[in-house]
Structure formats: C-alpha cells, structure tokens
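Thanks for coming. I will walk through one model, one region at a time, and stop after that.

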Amino acid sequence: MAIRSLSKVRSFRSLFYSLYNPVSLRFSSVAQEQFDCPSPELVNQISRILSDHRNPNHDLEFSLNTFSSKISTNLVEQVLKRCKNLGYPSHRFFVWAGSIPGFQHSSESYRILVDILGSSKQFAILWDFLIEIRESRQFEISPEIFWIVFRAYSRANLPGDAIRAFDRMVEFGIQPCIHDLDQLLYVICKRKHVKHAQQFFDRVKHQFEPSAKTYSVLMRGWGDIGEPSKAQKVFDEMLQRGCSVDVPAYNSLLEALCKGRNVDEAYNIFKEMGSKGIEPDACSYSVFIRAYCEDNDLHGAFRVLDRMRRCNLVPNVYAYNFIIKKLCKNDKVDEAYELVNEMLESGVSPDVWSYNTIMAYHCEHTEVNRSLRLISIMEKHKCLADRHTYNMVFKLLIRVGRFDRATELWESLPDRGFYPSVSTYAVMVHELCKKKGKLEEACRYFEMMIEEGIPPYSSTVELLRNRLLGLGLLDNIEILADKMALSTSCSIQEFASAMRGKMNPGRSRISEESDIESD
C-alpha cells in the first residue's frame, strides 16, 4: 500500500515541510538532550503497541498519541530496531513521529526504515519513501541506501528488480561506481541468481573498471551453483583484462573448483600460487578442509589442519565448524569438544553454530546432562545461546519426561538474557500436547504467550483446540478464546475466532517456523 493511502497520517510532503521549520530545529536540539537515553520500559511499551497493531485497519496512531511528548530520535531508532520485522506498523510509526511538531528524524532512522521496508517486501512504500526524501532534501540518499535496496530485492528472489534499482540510482543523483556494482553482484549471487548477475555484468562491464573483487564475486557465485567451468572462465577473463589477481580471487576459484568436485585441479592451482608470488592464507586452506569434510574424509581435513599449524596459520571459525559438524555426524563428539578447546586456546571464539552442532548431537542421543552442561559452557565463553539452542533442549527435556528441568531452565531464561519468541512457546505447547497428562501445562504456556502479546502460530491454535475438544473440555476452549479476545494485540484478538473453531487462520510465518523446528 502506498503512502498516499494512509488517510489518518499526514503525507510525507507535509511532514518534511514541517521538519524544515526553524522552530522545529530549535525544539529538536533541546528535546534531544532531555530524551537522549530512553528507558527500556518505554521502548518496550511502544514496541508492544506496534506489535499489537499490525493490520492496516488498526488505529495505531491513536494508541501512540499518548507518547508524543516522550519521542526522541534515540527512542525512534531503538523502537525501529526492536520492530525490524514489523514493516507496515514501523513505517506508520516513523510517519507519526515525524508529524510531531518540532521533531526531526536522525539519518540512522531513515536507514533503519529503508532496511525494514525492504526486508518486509513493502517495495511500493519503499520507493515512495525514497522519492519523498529526494524531493524534500531532508536526508541525503547515499549509495549505501541503495545497497540495502539491492539486498532486499535479492532476498525476495527478485534479481531483475535489484538490477533495475541499480539503474535508477542516477534518478537520485548517484552515479554508480564499481563498488556499487560489486555490491549488486554480491547480493544477487548470494541468492544463487548467478546467471542474472553474469548477464548484467557482461552488459555493463565496459562502463566500469572491474577489480579482482568483482570477478571473485562472480567466481564464488558460479561455484555455489556447481558450475566450476564458468568460474574458471571468469578467472581467465580477469587475467586477460590485466587485473591484479589477489589471494581472495584465487580462493574464490579454489572454492568453486572444490564445490564442483574438482579437488585435484584446485590443488594444482593452489601449488601454483606460491610460484606466482601469492602466498595462500588461512581461507585458502579452509577451502580444502570443507572439501574433505564434504567427502567424509576427516583424515584429509586434519591433514590440512596440521599443515596450517606448521605454517602458523590459524583456521577461522568457518573451517573449524565444518570439522565439528563432521565429527558429530561420525559420533566423535569428544573430539569435537577437543577442537572447541583448541579454538579457544588459539584465540578463535566458537560461535553459536559451533555449539549448536554439538547440542544437536546431545539432543539426538538423549544426553540431558551434557546438553544442559553445554549451555553453561556457552555462557562461560560469552556465547549467547539462541532460540535454536533452547528449542532443541526443551524438546529433549519434554520428550524424556524431565519436566522439572524444563521448568527450571524456562524460569532461568531472563537471567540468561533470552526472551522466548513464538517459536520457543510453540515448542513448549506442541511437545507438552504430546505427553499424557500435560495438556493443562501446555495451556499454561499458551496463556503466557498471549499475556506477552505474542501472536501464536495458527498450527498451535489448531493443535491446542483439537486436543481440548478431544477431551470434551469445551469450557477451557472458551476460556482461552476469551483471553485472546481481550488481548491488547489485535492479531491475537483475530485468533480468538480460530480457537472457537469459527475460522481457519491459515499457514504462514515461514511455514510455521519450519513446522515448529522440524517435529
């Protein structure tokens, strides 16, 4: 829906006009000092209002008006960051804040909103927004803003629109340079639309001076889709055009060849690098570690790792993670722990992916104590567990009947800096519904989710309703539906009818979070 369709909100043209008012600027400089550090509670309150008013028909502005005297640029930034997945209400919040007399948005707020609108695929509003910015001259549109647009279109699998956005840069007073082209090619290739990237590059390459980075992006892209011969062709063109070839360029070719199962050819090129005055780096070796792991050759992977040690090269977390994954797959979890310890001793911090790989092994093998101990290890080494970590552990604890440990872990989540989202609540409800005599507890977690203002998955509503219906607990269904109808969240209110069986809310939200973390 375009900006002009928001009848209850002032247009951007009037918004930007008001921002040019000198009185506005004076107010802004004083007010910002007063509200420079908004309280977390205030950020939470406004974020909750945006979450509760997701539908275009919800009267968001009316609910926000009580906070108009507390608005500051910092507060707006914090709310936008918190609500990055709420495209439409975030945009309305931005316009509402800008309509407050004397308020002026920061450059960062503009950047965040462009990212939000792109991520939520609100492209019509996004372009209206950019045009209004251009006409108002309130905020200078930089190439980096267009990089965000490129990324948004690519994530939406719209490479043609990303390319058209590149062509439109001149409309906004920006003459594209090679760095802009590199960014466009990178995001398109990252989504495996390499043919689109190559075709566009071939069309415009004579307008720019492509660098080794430009060619590296294309080589890596061809490698990702299993076309090593195309990557080799790009490498040869780079040499023919006299580009200065660097280590990353060679690494891109090595990676493309290895992904195409041409490991021997890649190794021959690897050996030639030294003779050409180019010294392989840690990433060069990591390419072969990945290749050996994918070929289930742990011995070969460790052989490369030993050679790196002799060359005083420290593998990156990316290389270590491949070996950890393969060790766990081969039931060598103790060796995976040894590798994690080596990482720590070498100054390489394991990431959440490193630990989650091991956590998945413990959960698959019903190792309750070791899974809980691993969370403590993560905390010790300053690696915050994410929703995947906790979802795996909760599924394990409920599956084996350790409800006491599940409750204990749940109650400790705030102290661990983790606040459950809909996926974690869904895991609790769905898993408890599978256990005899635990339906009441499943309802309790569902109520907690509703009280937190978190809209449930439609599959969760359907599952809980069917379980209660099967036991003839019609009163319980009505109690839950009443609580949902009284929620401050309009989205939750709409689910009340589904709980009563009067409508099917349908499936969405990334296919119900991959069927509740893959049941």
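**Asn356 and its helix**

Let me start with Asn356, which touches Asp386, His388, Thr389 and Met392, leaving aside residues up to four places away in sequence. You will find Asn356 in helix α21. Is Asn356 buried or exposed? With a relative accessibility of 12%, Asn356 counts as buried. Before going further, please keep in mind that this is a predicted model.

Helix α21 covers residues 352–364, and it packs with helix α20, residues 333–345. The angle is about 160°, and the two axes are 11 Å apart. How do α20 and α21 run relative to each other? An angle over 145 degrees counts as roughly antiparallel, so α20 and α21 are roughly antiparallel to each other. Their crossing is left-handed. On the α20 side the contact is made by Val333, Ala336, Tyr337, Val340 and Met343. On the α21 side the residues are Ser354, Tyr355, Ile358, Tyr361 and His362.

Asp331, in the loop between α19 (317–329) and α20, has a positive phi of about 60° although it is not a glycine. Most residues other than glycine have a negative phi.

**The chain as a whole**

Now the overall picture. The chain has 30 helices and zero strands. There are 519 residues, and 52% of them count as buried. Take the contacts in the chain with a separation of 6 or more: residues 24 or more positions apart account for 67% of them.

Next, helix α14, residues 228–240, and helix α15, residues 247–259. Their axes come within 8 Å and cross at roughly 160°. That makes α14 roughly antiparallel to α15. The crossing of α14 and α15 is left-handed. Which residues make the contact? From α14 they are Pro228, Ala231, Gln232, Phe235 and Met238. From α15 they are Ala249, Tyr250, Leu253, Ala256 and Leu257.

His193 is in the loop between α11 (178–190) and α12. At 18% relative accessibility, His193 counts as buried, because the limit is under 20%. Not counting residues up to four places away in sequence, His193 touches Asn157, Pro159 and Ile188.

Asn157, one of those contacts, lies in another loop, the one between α9 (143–155) and α10 (159–167). Asn157 has a relative accessibility of 42% and counts as partly exposed. Asn157 also has a positive phi of about 60°, and it is not a glycine.

**Aromatic rings**

How many aromatic pairs does the structure hold? The number is 24. One of them joins Phe201 and Tyr215, edge-to-face, at 5.5 Å centre to centre with 80° between the planes. This pair links distant parts of the chain: Phe201 is in helix α12 (residues 194–204) and Tyr215 is in helix α13 (residues 212–224), 14 residues apart. Phe201 is at 0% relative accessibility and counts as buried. Tyr215 is also at 0% and counts as buried.

There is also a cluster. Ring pairs link Trp127, Phe146, Phe150, Phe166, Phe172, Phe200 and Phe208. Phe172, a member of that cluster, has the charged end of Arg134 sitting over its ring, 4.8 Å from the ring centre. Elsewhere, the charged end of Arg303 sits over the ring of Tyr292, 5.7 Å from the centre.

**Phe446**

Last residue. Where is Phe446? Phe446 is placed in helix α26, residues 439–451. With 0% relative accessibility, Phe446 counts as buried. Leaving out residues up to four places away in sequence, Phe446 touches Val429, Pro456, Thr460, Val461, Leu464, Leu480, Met484 and Met499.

To recap the two helix pairs: α20 and α21 are roughly antiparallel, and α14 is roughly antiparallel to α15. That is what I had for today.

Definitions and conventions. Residues are numbered from 1 along each chain as its sequence is written. This is a predicted model: local features need pLDDT of at least 70, side-chain atom pairs count only at pLDDT 80 or more; totals for chains, interfaces and linings use all residues. Side-chain values use heavy atoms; hydrogens and water are left out. Rings of Phe, Tyr and Trp (its six-membered ring) pair if their centres lie within 6.5 Å; planes under 30 degrees apart count as stacked, over 60 as edge-to-face and the rest as tilted. Helices (H or I, at least four residues) and strands (E, at least two) are DSSP runs, numbered from the N terminus. Buried means under 20% relative accessible area, exposed over 50%, partly exposed in between (1.4 Å probe, protein chains only). A charge sits over a ring if NZ of Lys or CZ of Arg is within 6 Å of the ring centre and within 35 degrees of the ring normal. Axes are lines fitted to C-alpha atoms, for helices over the stretch in contact, and angles run from 0 to 180 degrees between N-to-C directions. Angles under 35 degrees count as roughly parallel, over 145 as roughly antiparallel, 65 to 115 as roughly perpendicular and the rest as oblique. A crossing is left-handed if the near helix is turned anticlockwise from the far one by less than a right angle, and right-handed if clockwise. Contact means heavy atoms within 4.5 Å.
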